[in-house]
Amino acid sequence: MTEVHHIQVPLGYLPLLVLIPAAVAAVAVPWLRSRFRKQVVPGSVPDWSIPPLDDGRGGLGTSLIHRWDVRCKIMTMLAYSFAVASLRHLSAAAAAVLISLAVLLAAKVSFHKVVLRVLALAGFLGMLLIVMPLTVPANPGDTLLVFGSLDWLTVNVRGIVLAATIGAKAMAVALLMEPLLATAPLPVTLHGLSRLGIPEMAGQMVLLSYRYLHVFSHEARRMTVGMKARGFEKKTSLDTLRALGNFLGMIFVRSFERTERVFDAMQARGYKGRFPEPGQLQIRMPDILLTGVWIAVGTALVWFDWMKG
Amino acid sequence: MGDMPLFCVQGLAYAYPDGIPALSSVDLEIFSGDRTALVGPNGSGKTTLIKLLSGLLAPKQGHILYKGRPLTENHLEESRLTMGVLFQDPDDQLFGHTVMDDAAFGPRNQGKSREAAVRCARQALHQVNLAHLAYKEPHNLSYGQKKRAALAGILAMQPEVLILDEPTANLDPGQEAVFLDLLKAFDGTLICISHDLIFLYELCEKAVVLHHGSIHHNYTMRELVSRRSALRDHGLDFSFRMAIPASDVPDANGARVHEENGPGPGYTPSCDCAKVRESHSVHPPLACMENYEYVYPDGTPGLQDFSLDIHEGEKTAIVGENGAGKSTLLACLCGLRQGGEDLFFKGTRVTKKQHKALWRRVGLVFQDCADQLFCASVKEEMMFGLRRLGLSSDQCRHRAADALARVGLSGFENRVPLHLSGGERKRLALGCVLAMDPDLLILDEPTAGLDPRGEEQLMAILDTFDKTLLLVSHDLFFIEKLTHRTLVMHQGRIIRDLPTPDFMQDDKLCRFNGRSFSYRRHTATAIRQLQHEHEHPICRKWQRCHFRQMGLERCPGQARSLCNRVLGDALP
């Protein structure tokens with residue numbers, strides 16, 4: 001195994017193996033993204049009078065993952081993600097993806113949101129799949145595909161496997177984000193983080209940022225419309241830069257003024273530096289059992305990967 | 001405690017950090033159970049005063065006592081939990097993750113358990129008809145829902161004092177009626193800032209008039225509204241709104257009558273209808289939509305099978321409930337949104353490419369004009385659109401100067417738009433659009449947030465506008481004064497297309513505009529009577545007696561004409 005193996009592939013396979021998949025991905029990903037964003041399921045208006053993640057009262061959150069204590073969930077998934085990131089073999093990484101899919105099914109989270117999350121990763125992973133096979137240096141024992149007489153264009157099979165392994169690991173972790181973040185209300189997750197030692201102020205800032213990012217982006221959209229209504233078009237010119245400078249400055253000033261008003265409103269309702277706790281967190285035996293099972297699965301995965309050499 | 005005021009303000013002065021004085025020598029007493037209106041033109045210091053009353057700002061001079069003690073340290077913290085402050089922009093107030101989290105925030109800070117706080121929050125949400133949206137995220141609510149959710153957050157604290165800053169600004173008549181009912185039912189102390197004196201007349205008994213940071217008058221509400229001269233002096237004279245169409249003046253039997261000499265004093269046709277009708281037959285419509293469809297990116301239909309003709313010179317109003325599709329229609333007409341292809345401008349189909357150039361022909365003034373003002377000076381703001389029209393510098397300067405003069409802002413060239421008052425900003429936004437000389441001017445809720453003087457100035461500017469106008473408004477007075485055709489929209493369609501006078505007499509009018517219009521009409525009538533009695537004291541006694549004999553307590557339209565006829569020479 002000291003030589004580099006070359007396999008001659010007819011030049012006609014080049015578009016089939018590289019160009020066509022890349023083109024299909026470039027068209028399919030944006031199409032899927034817009035389709036999933038647009039899709040409205042008739043009659044699917046949620047009942048907002050009950051907490052959507054409430055367990056046992058008709059809400060969506062009736063799964064084991066929803067009932068899992070948020071601190072155990074965060075710690076376990078974090079540890080498991082590190083374990084997945086340490087895998088070196090494609091088969092182990094593929095097994096991790098299967099486990100994540102099983103968790104998705106068990107958590108009964110929104111399929112739309114999962115697809116959108118995966119599509120957000122697709123561009124990055126697609127680039128890896130294209131670039132790595134072409135750029136991974138040829139080591140002894142590697143197999144290179146050579147297209148016709150194009151000696152300078154070689155695809156390293158180890159690069160494909162490496163890219164696929166990285167992609168599978170990234171996907172396995174990304175798929176767990178929905179069960180981690182969408183199975184408890186954000187304030188509860190942040191409360192869990194603060195109980196795990198993250199400064200409480202950081203959690204409050206995340207919570208307010210989540211709320212006000214929507215407000216600021218809405219303001220920015222309205223201002224953009226205001227500019228377009230008077231003929232603004234982005235061009236490569238000083239005029240465009242000046243207009244964008246004014247726009248950003250105005251967004252900043254308005255945001256700054258809003259933060260002062262929000263703080264006033266909070267103080268007026270008795271805020272003294274702490275948000276009320278969203279609820280009591282309590283670790284029970286099922287939480288510990290689930291944590292144990294999950295860690296065992298993670299350990300088995302790492303052992304399986306280690307056994308492969 | 002009996003005679004002790006709840007709030008006692010003495011020698012209060014406050015200046016902003018940059019040294020600009022906001023309030024000076026303010027003395028005021030507000031007793032428990034009082035319902036006090038704080039009125040005054042924009043920039044008179046009303047909001048600063050309520051921030052001081054609620055302890056959000058500390059006085060620079062003088063003192064404020066709440067329940068006999070200064071608002072400092074522990075007493076301040078305790079007092080905040082007994083006051084509810086409703087700010088003008090509901091987004092400032094809804095910082096919770098869900099509506100329920102937000103409504104429960106105050107009760108939790110009052111020391112209530114989670115369960116008790118949720119109970120209070122749920123009850124408050126029931127009061128504002130939002131219980132069905134308790135667990136929705138605030139950024140997914142409509143503006144009216146946000147405003148009600150903000151009020152729920154206050155009511156959940158069961159406050160002794162309610163302090164409200166423009167509670168009904170930008171609300172449609174239906175939502176305004178909900179607010180009015182809730183606030184009337186509140187049995188604590190109420191302090192309310194608003195430019196809407198008709199709303200305040202219904203709600204408050206006392207009125208404090210602020211001008212340039214000091215209190216000019218401390219009246220009863222009846223006294224305030226009856227003194228037109230005082231209202232005029234402080235830019236609060238809203239009497240121009242109270243000219244009610246002849247059709248609404250009841251006769252002696254309470255039935256509506258039509259005066260023989262044409263429309264009543266409130267009706268001023270702003271357009272030569274005969275000329276417009278003549279031009280309809282000769283020219284194609286200025287803008288025309290045929291079976292136009294628009295679907296939002298999430299799949300929700302915006303406009304469905306929508307057909308509309310707007311002819312040159314025509315002045316058209318669009319009314320409809322929130323969510324009827326009015327703003328979507330405006331965005332499509334301006335080329336900001338693109339639906340089906342059946343949009344014509346001056347008889348020519350607007351292609352996809354031409355959509356982007358519609359801004360040259362259509363001018364739009366937003367409801368919140370802060371969204372279209374983003375430059376560092378008024379001059380730059382005016383030049384922004386003009387430069388994009390490809391005009392020479394000289395032409396730009398001339399047009400900008402003309403437009404500024406037209407909207408009464410000459411001399412403001414170097415001012416910062418963000419620092420202008422609400423009325424000035426609205427006029428600046430209008431000026432920016434008028435300078436571009438659009439074929440079609442679209443106004444989206446032009447009176448939102450304006451004080452009466454600002455409204456009157458806006459009305460004067462629009463009265464001189466002689467091109468095609470499309471007005472989207474809930475303000476029936478403006479609709480009646482400025483337009484001669486009214487379209488009623490519902491669920492993305494036009495369901496009625498009427499001449500404005502017919503629309504104003506339509507028996508189903510209240511269905512589209514809510515009960516608010518009825519109470520406004522009723523209240524305006526009562527205020528006119530008060531003003532008339534104040535201005536004509538000689539005939540007051542006779543008039544009351546005369547109408548009581550007829551079984552009518554209030555009938556100012558008739559009262560005025562009878563006074564003029566019977567006692568005209570004797571009137572002062």
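1. In which strand of chain B is B:Ile191 found? The residue is in strand E8, residues 189-193. Helices (H or I, at least four residues) and strands (E, at least two) are DSSP runs, numbered from the N terminus.

2. A word on the source. This is a predicted model: local features need pLDDT of at least 70, side-chain atom pairs count only at pLDDT 80 or more, and totals for chains, interfaces and linings use all residues. Residues are numbered from 1 along each chain as its sequence is written, while chains are lettered from A and ligands numbered from 1 in the order in which they are written.

3. B:Ile191 counts as buried because it has 27 C-beta neighbours inside 10 Å. The cut-offs are 20 or more other C-beta atoms within 10 Å for buried, 12 or fewer for exposed, and partly exposed in between, with C-beta atoms placed from the backbone.

4. B:Ala37 is 154 residues away in sequence, yet the C-alpha to C-alpha distance is 5.8 Å. Leaving out residues up to four places away in sequence, B:Ile191 touches B:Ile30, B:Thr36, B:Leu38, B:Ile50, B:Leu53 and B:Ile163. Contact means C-beta atoms, placed from the backbone, within 7 Å.

5. Now chain B as a whole. It has 23 helices and 20 strands. Of its 572 residues, 49% are buried. Take contacts between residues at least 6 apart in sequence: 70% join residues at least 24 apart.

6. Chain B also touches chain A. The contact takes 50 residues from chain B and 44 residues from chain A. On the chain B side, H4(B) gives the most, with five residues.

Technical notes:
Contact = placed C-beta atoms within 7 Å.
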